[in-house]
Amino acid sequence: MTGSAGRGASFRTRLDVFITKAERIHHGDIEALHHTRVASRRLRELLPTLELDADAARTLGARLKKVTRRLGVVRELDVLAMMIDALERDHRFSPAALRLVGAAVAESRDAERERLAEKLPVAKLERLARALERAARHIDSNEGQCSRRSPGPRQSWTLALQARVSHRASRARSAIEAAGVVYLPDRLHGARIAVKKLRYAVELLSEARHRPLTPDVATLKQAQDLLGRLHDLEGLINRAREVQASTAPPDLLAWRRLESLVRALDDDCRRLHARYVRDRARLIAVTHRVEATRPQPASAGHLAAS
């Protein structure tokens, strides 16, 4: 990743995505909702490294976290709906059972979208966007004043990002080790979140250094995607179990179809988990490598361009 990598530029890049995509989350735009949520996570990762008032940074972080969580509920249901559509083309899964689960997911998604519009209306998003814009102007102002005096601010930001990466690497390694090699969905979900946060931090550091992304970032992304798929399959199993339990009056044929679906989904979970365990040592090695990386001074050319 190349290009300008000052605090202000990094913040504005992510803020622009957040503002642009947030405008469409109440129009049923699945991808816009997803990108808004990702942008909110990336902004939260960046905020602690910026020269903002500590209370202001915490407040913005807390407001963004609420957005992430609100969007997350709908996003998980969007993903389940897309998974069901894809699984309908796989002969291993009962179409009748998928239709039953799909109807339940669609009902929940409609309800959660209504709740999202109530709890996170456009006006609230606009107020948050304005607060983030004010923070961006403050960062730009400070960066402009400091860069004329010395290259210190750029180096101090790189140090702050490195400290963030080291912290995230340690947390990710602990989460991976806590998950162990036994199939424990909750702990694996914790490992996925920790790996995702580490990946975001490493990407920020690479951007600040004007360095291309390393193969280690690809390894983190692959692990995140695999564990994400595993989490989504677990969510679908839970939904199928809920439909199974709520069938009234009892329908033995429907129950058997749902049980067949659960078994097939569980088989996929076990296969994915085996792949994760196979690559687990390589993932732990990545956390050690990125934690040990030390800040590199920016070149004179980069300083002159900043």
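## D216 and its contacts

D216 touches V286, R289 and V290, once neighbours within four places in sequence are set aside. Contact here means heavy atoms within 4.5 Å. D216 sits in helix α8, which spans residues 215–246. Helices are DSSP runs of H or I with at least four residues, and strands are runs of E with at least two, numbered from the N terminus. D216 is buried, at a relative accessible area of 14%. The classes are buried (under 20% relative accessible area), exposed (over 50%) and partly exposed (in between), with a 1.4 Å probe and protein chains only.

The model is predicted: local features need pLDDT of at least 70, side-chain atom pairs count only at pLDDT 80 or more, and totals for chains, interfaces and linings use all residues. Residues are numbered from 1 along each chain as its sequence is written, and side-chain values use heavy atoms, with hydrogens and water left out.

E177 belongs to helix α6 (residues 152–179). Its relative accessibility is 45%, so E177 counts as partly exposed. Beyond residues up to four places away in sequence, E177 touches R280 and I284. E177 and I284 are 107 residues apart in sequence, yet their C-alpha atoms are 8.4 Å apart.

I84 lies in helix α3. I84 is buried because its relative accessibility is 3%. Leaving out neighbours within four places in sequence, the contacts of I84 are L98, V101, G102, V105 and L236. Take V105 from that list. V105 and I84 are 21 residues apart in sequence and 9.4 Å apart in space, C-alpha to C-alpha.

## Salt bridges

How many salt bridges does the count come to? The count is 21. The rule asks for a side-chain nitrogen of Lys or Arg within 4 Å of a carboxyl oxygen of Asp or Glu. Side chains of opposite charge can pair when their charged atoms come close.

D268 and R92 form a salt bridge, at 2.9 Å from N to O. This pair links distant parts of the chain, 176 residues apart: D268 is in helix α9 (residues 252–292), and R92 is in the loop between α3 and α4 (95–119). D268 is buried, with a relative accessible area of 11%. R92 is partly exposed, at 35%.

E112 and R115 also meet in a salt bridge, at 2.7 Å from N to O. Both lie in helix α4, three residues apart, or about one turn of the helix. R115 is partly exposed, with 38% relative accessibility.

A further salt bridge joins the side chains of R278 and D279, at 3.3 Å from N to O. R278 is exposed, at 60% relative accessibility. D279 is partly exposed, with a relative accessible area of 25%. Elsewhere, salt bridges that share partners join D90, R92, D268 and R271 into one network.

## Positive patch

Which residues gather in the patch of positive charge on the surface? They are R63, K66, R70, K119, K124, R127, R130, R134 and R137. Two elements give two or more residues each: α3 (54–87) and α5 (122–147). The largest share, five residues, comes from α5. R134 is in α5 and is partly exposed, with a relative accessible area of 48%.

Patches take residues with over 30% relative accessible area and no salt bridge; like charges are joined within 9 Å, and nonpolar side chains (Val, Leu, Ile, Met, Phe, Trp, Tyr) within 5 Å. Lys and Arg count as positive and Asp and Glu as negative, while His and the chain ends are not counted. A charge is placed at NZ of Lys, CZ of Arg, CG of Asp or CD of Glu.

V181, V182 and L184 make up a nonpolar surface patch, with about 250 Å² of accessible area together. Accessible areas come from the Shrake-Rupley method with a 1.4 Å probe; for residues, only the protein chains shown count as cover. L184 is in the loop between α6 and α7. L184 is partly exposed, at 34% relative accessibility.

H210 is in the loop between α7 (185–208) and α8. Its phi is near 60°, a positive value in a residue other than glycine. Most residues other than glycine have a negative phi. H210 is buried, with a relative accessible area of 15%.
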